[in-house]
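Work through the following exercises with the coordinates open beside you, and try each task before reading its solution.

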Amino acid sequence: MNKQELIRELNFKAVRSGGAGGQHVNKVSSKVVLFWPLADSTVFTEEEKSRLARKLSNYISKEGLLILSAEDTRSQVKNKELVIQKLVALLKTALVQQKIRKETKVPKGVIRKNKENKKKISLKKELRKRIF
């Protein structure tokens with residue numbers, strides 16, 4: 001994944017942010033919203049795109065745009081950097097393939113041990129019964 005090519009495909013929009021900041025928050029657009037058309041991306045293969053679409057479906061709108069936002073700081077530039085970092089982290093985690101689980105057989109020693117254990121418990125309970 002080439003980060004520079006990915007950044008060229010991104011669209012940003014600055015919006016007014018809520019939260020702390022007093023009067024400053026009412027006149028400055030410091031929140032940054034990132035829009036990325038996943039289907040039109042040239043950075044990833046079709047297989048990778050389908051995996052990303054499946055794993056990041058909560059972030060993708062009906063129009064096919066992946067939407068992220070950052071409003072952590074009062075600086076628009078820092079928020080833009082943060083939202084790019086968020087996107088890169090999300091993409092890295094979504095592209096990791098899980099290992100296929102191989103089923104294993106239960107060892108014969110474990111089966112034998114379980115049977116012996118059952119017999120001991122059964123005998124213990126049998127000896128608790130009253131004899132007439």
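## Exercise 1: a loop residue and its surroundings

Valine 106 has a relative accessible area of 52% and is therefore exposed, where exposed means over 50%, buried under 20% and partly exposed in between, with a 1.4 Å probe and protein chains only. The model is a predicted one, in which local features need pLDDT of at least 70 and side-chain atom pairs count only at pLDDT 80 or more, while totals for chains, interfaces and linings use all residues. Residues are numbered from 1 along each chain as its sequence is written, and side-chain values use heavy atoms, with hydrogens and water left out.

Task: state where valine 106 is placed, and which nonpolar patch includes Val106.

Solution. Step one is to locate the residue: valine 106 belongs to the loop between helix H3 (76–95) and helix H4 (108–128), helices being DSSP runs of H or I with at least four residues and strands runs of E with at least two, numbered from the N terminus. Step two is to find the patch, which Val106 forms on the surface with Val110 and Ile111, their accessible area together being about 230 Å². Patches take residues with over 30% relative accessible area and no salt bridge, joining nonpolar side chains (Val, Leu, Ile, Met, Phe, Trp, Tyr) within 5 Å and like charges within 9 Å; the areas come from the Shrake-Rupley method with a 1.4 Å probe, and for residues only the protein chains shown count as cover.

## Exercise 2: strand pairing

Task: determine how many bridges join E2 to strand E3, and which residue in E2 is the bridge partner of valine 15.

Solution. Begin with strand E1 (residues 11–15) and strand E2 (residues 31–37), which run antiparallel and are joined by 5 bridges; two strands pair if DSSP finds at least two bridges between them. Valine 15 has lysine 31 as its bridge partner in E2. E2 is then joined to strand E3 (residues 65–70) by 6 bridges, again in an antiparallel run, and leucine 34 has its bridge partner, leucine 68, in E3.

## Exercise 3: a salt bridge within a helix

Key
Salt bridge = Lys/Arg side-chain N within 4 Å of Asp/Glu carboxyl O.
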